[in-house]
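Have a look at the fold, then work through the points below.

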Amino acid sequence: MPRKARVPFETVLEALKTIRVFNENGNLKKQNDPIWKQAHDLLNKEMHVHSLYLFVHQNRHNVKTLLMKHFNITKVIPEDPKIKKRKRIRKKLPQEPIVYNGKWDEFDFYESLDANNEDEYKDLTDFNSLLSMVNSTRYRDIIHKVGVLPFSVCYWHPQQINLCKDLAKTQSAVSFIVLNNLIKDITEDFDSGNIFLYALAFCKGSTAIPLTQMMSSSTKSLDIQHFLSLWMESSVFTPSEMVVGYSYNILDAVSMSFNTCTFDIYNKSCFRYLMKDMSDLPPTLIRIDLITLIKVVDAWPCFNDILQAVKDFYLCSIMYLSKLDNLDEFREAVLSVLTLCQSPFQSNQTEARRISLWEHLTTDSIQEMNQKYIKYVTGRNGSSSFSFFIKEQEITASNGPHEIYDYINQLKLEAFEMCDFDIDSEKVPNSYYCPIIMDNLMQLLTEFPSWTKLIQMKNKCSTLVSMCSSKHLNALTEVKEPVNSPQFLVYHTQKIEKIILVEKNVAGSKKSVNHVFVVETKNNVPQLAPSTPDVNEDVNDENADDMDITNVEENQELDLLTFKNTIRSTMHSLKEFDNCVEYILDAQLQPGQEILVTKCLLDCCAESKIYESLFGMIAERFCKSSNIFSSSFKQIFEDNYNTIELLENLEIKNLGRIFGHLLSSHAISWEILSICKLNQRDISTSKKMFIRVILRELSEKLGMYKLQEKFRKRDYKTTFKGLFPTNNSRDTNNAIKFYESISLDGLADLLKEENSKTGEQPSTLKRTESNESIHAVASEEDFVIEVRVSKPKSMLEEEIKKVIVVKK
């Protein structure tokens, strides 16, 4: 089937009718004539100038004939053959000779430009910048390949190779991410289309560590495979597991690079292994990222005219199938899905299968996966992370039926026999009857060995690509809009160098802990204690007595810094919070080190760009393991609240959320809220924000009803007096307005209820229409008097209002 034209023929013809593309003699104007640039602009630059010229020159679809008929050209005067054509001119190279070193494609770009279209590429500023960067000292070892048709730049830092080898010892799966909306087209006239950022990355903690990168306008499998092969030659590293987005081109490229076979053959090999016809799996296991797969399925055209509830049912069914690790369970689930898809009416069998399937789709794990899908797709990074995968997929049909198709087709026939096709007016239609999606569903099910957990992998994360894409985009915060390729290359290289530096520091802190804080064993119990110098170290005894006290303090500060770095690296390296807490608690802390662990945890939480629930769970586990940690969190809460004005808004929000989590889980006492006071004397903007974040977190975790009941308890009457002031009518009014402004009307009602019990009413100021009037509303604590004074317009342009508060 021929490829669909980017611009319809009718659109091109109508655009060319508005301009004169023929000269006085009836000949077609040359390609370097400005008229073709004008036509290029009329078509919104969707068709290249050279392609447009050839389209007319070769009379495709009789466009030249139709244009001559439109302009009434009946006679063409041929050009004088004596006029010599311009010789082919090779573009001048820079004065310094360029050493290509295999960094350019074999196709010589400059030799391919003839005399007519040479001027068209003379303003390739971005391309010239890349050309100069290739030969610069700074990027000579970073840029490894530059391609022109299609445009591509393969680059990686030499330190990324070493980091890749180190991380490969602990990390099992590598993700292949593709990002969009970061890089502009190389120039206005270079027909490169969208430029994507391809990268291999490890996911470590809250950071995506890129291993190699390529900027390219190509989406073809061969170009991606060439990029991976080039990287493998330098890295001498073959990953054992790969998580890839749902794109046939990427799947083919990855499989060809690491398994030397197409994705179709890889998928069949995995199926034979499941059927026990093969004993060995391919060297690199490939799993399709579930979020990208659901996103592609969500964009199926066959879902356009289907109810959203039916569509959600099949999307959740695919999520459920992806989590199955038993072939028999998978077979039964597929039978249920295919039965509901093919049966037009309800029957006992279809209803039983629907109920059984629905019980699995409403479990917490499926709902959490659904929420994760919504979070990644609708988030701020959704368009950049998934726009590549929702494009039309180039599905190549197999040469004929194969064993996976036969297996799925047999399940389809079994499901078909369970369906009820008898037409009867009393029968209830099946709401999930949807035969229009059957072809797409069958194609998807034939790939089940690659997107289910039937093939066991060390890395259990099925959304690694989406996770790495989101985390890497969070690191590229400065790129608000697409930038040109040289600028992005410089910026991305700097970011990569910072990531490498951070990983080196983390690795260095892990090594330095051996000589600063070591794990000692006393009575078969590990303890974390400062290390002593080695006896073999050379020590100058003559200068030992001359040691200054400042050196001792510097060493203590170094030990303290190293201890914090050790705790920080432990939290980032261990993904499971249980492992992190057990690792730190197993090495028994010295007295006073609990507060350091607490501060380090809160510092990591405050410095995060996005709050991670992992910090809250670690803090909760620490508090419930020992009362010392609870006291430490209470002390730090008071210190932070008293100096909250020194923190940034993001730090205030992160700290408010982690303390809200600790309060909601009852890991710390609610008495810490006694220092929070909503009165004009003690409140500030930063403190208001801190209180707002805590209360909203409590409302989300507990619900408004439980939160109200908590505040109503008699044991906490004095504790929450500052949050619910009733002694002063002004403070009461301000607190009510504060709760209403943050959408916590339940707390505002609670304060009104408490205030009514004391017999006080919120004070109000009433104004009269007279020029001079005094109106007072008395309360038990003070008098509020409003004075309005009116003076001649010559003295004042408007009234002067004064509010006088007279204390008792």
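This is a predicted model: local features need pLDDT of at least 70, side-chain atom pairs count only at pLDDT 80 or more; totals for chains, interfaces and linings use all residues.

The chain has 808 residues, and 47% of them count as buried. It carries 30 helices and 12 strands. Take the contacts between residues at least 6 apart in sequence: 71% of those join residues at least 24 apart.

**Helix H12**

- H12 is built from 16 residues and runs 22 Å from its first C-alpha to its last, close to the 22 Å you'd expect at 1.5 Å a residue.
- Its buried residues include Phe330, Ala333, Val334 and Leu335.
- Further along H12, the run from Ser336 through Val337, Leu338, Thr339, Leu340 and Cys341 to Gln342 is buried too.

**Helix H13**

- H13 covers residues 348–361, and its 14 residues should span 20 Å at 1.5 Å a residue; the end C-alpha atoms are 20 Å apart, so the two agree.
- Which residues of H13 are buried? They are Thr350, Arg353, Leu357 and Leu361.
- Those four cover an arc of only 75° around the axis, which means they sit on the same side of H13.
- The spacing makes sense, because an α-helix has 3.6 residues a turn and residues three or four places apart point the same way.
- Over on the other side of H13, you'll find Asn348 and Glu359 exposed.
- The cover over the buried residues of H13 includes helix H11 (308–322), helix H12 (327–342), helix H14 (364–378) and helix H16 (403–418).

**Nonpolar cores**

- The largest nonpolar core has 109 residues, and Phe176, Leu293, Tyr314 and Phe448 have the most contacts inside it.
- H11 gives this core its largest share, nine residues.
- Domain 2 (128–288 + 463–502) and domain 3 (300–392 + 404–450) each put at least three residues into this core.
- What does Leu293 touch, leaving aside its neighbours within four places in sequence? Leu293 is in contact with Tyr246, Ile288, Ile318, Leu444 and Trp451.
- There's also a second, separate core of 58 residues, with Leu655, Ile672, Leu678 and Leu695 among its members.
- As background, nonpolar side chains tend to be buried together in soluble globular proteins.

- Strand S1 (residues 143–147) pairs with S2 in the antiparallel sense over four bridges, and a hairpin of four residues joins S1 to S2.
- Ile143 has Tyr155 of S2 as its bridge partner.
- S2 also pairs with strand S5 (residues 207–216), again antiparallel and over four bridges.
- On that side, Val153 has Met215 of S5 as its bridge partner.

- Is Ser686 buried or exposed? Ser686 has a relative accessible area of 16%, so it counts as buried, given that the cut-off is under 20%.
- Ser686 sits in helix H27 (residues 685–702), and it is in contact with Ile644, Glu645 and Ile652, leaving aside neighbours within four places in sequence.
- Lys268 is in helix H9 (residues 263–274), and it is buried as well, with a relative accessible area of 17%.
- Not counting residues up to four places away in sequence, Lys268 touches His402, Glu403 and Ile404.

**Positive phi in the loops**

- Lys276 lies in the loop between H9 and strand S7 (285–288), and at 74% relative accessibility it counts as exposed.
- His666 has a positive phi too, near 55°.
- His666 is in the loop between helix H26 (649–664) and H27, and at 47% relative accessibility it counts as partly exposed.

How values were computed. Residues are numbered from 1 along each chain as its sequence is written. Side-chain values use heavy atoms; hydrogens and water are left out. Helices (H or I, at least four residues) and strands (E, at least two) are DSSP runs, numbered from the N terminus. The expected span of a helix is 1.5 Å times one less than its number of residues. Buried means under 20% relative accessible area, exposed over 50%, partly exposed in between (1.4 Å probe, protein chains only). The arc is that of the directions from the helix axis to the C-beta atoms. Contact means heavy atoms within 4.5 Å. A nonpolar core is a set of buried Ala, Val, Leu, Ile, Met, Phe, Trp, Tyr and Cys residues joined through side-chain atoms within 4.5 Å. Domain bounds come from an automatic or database domain assignment. Two strands pair if DSSP finds at least two bridges between them.
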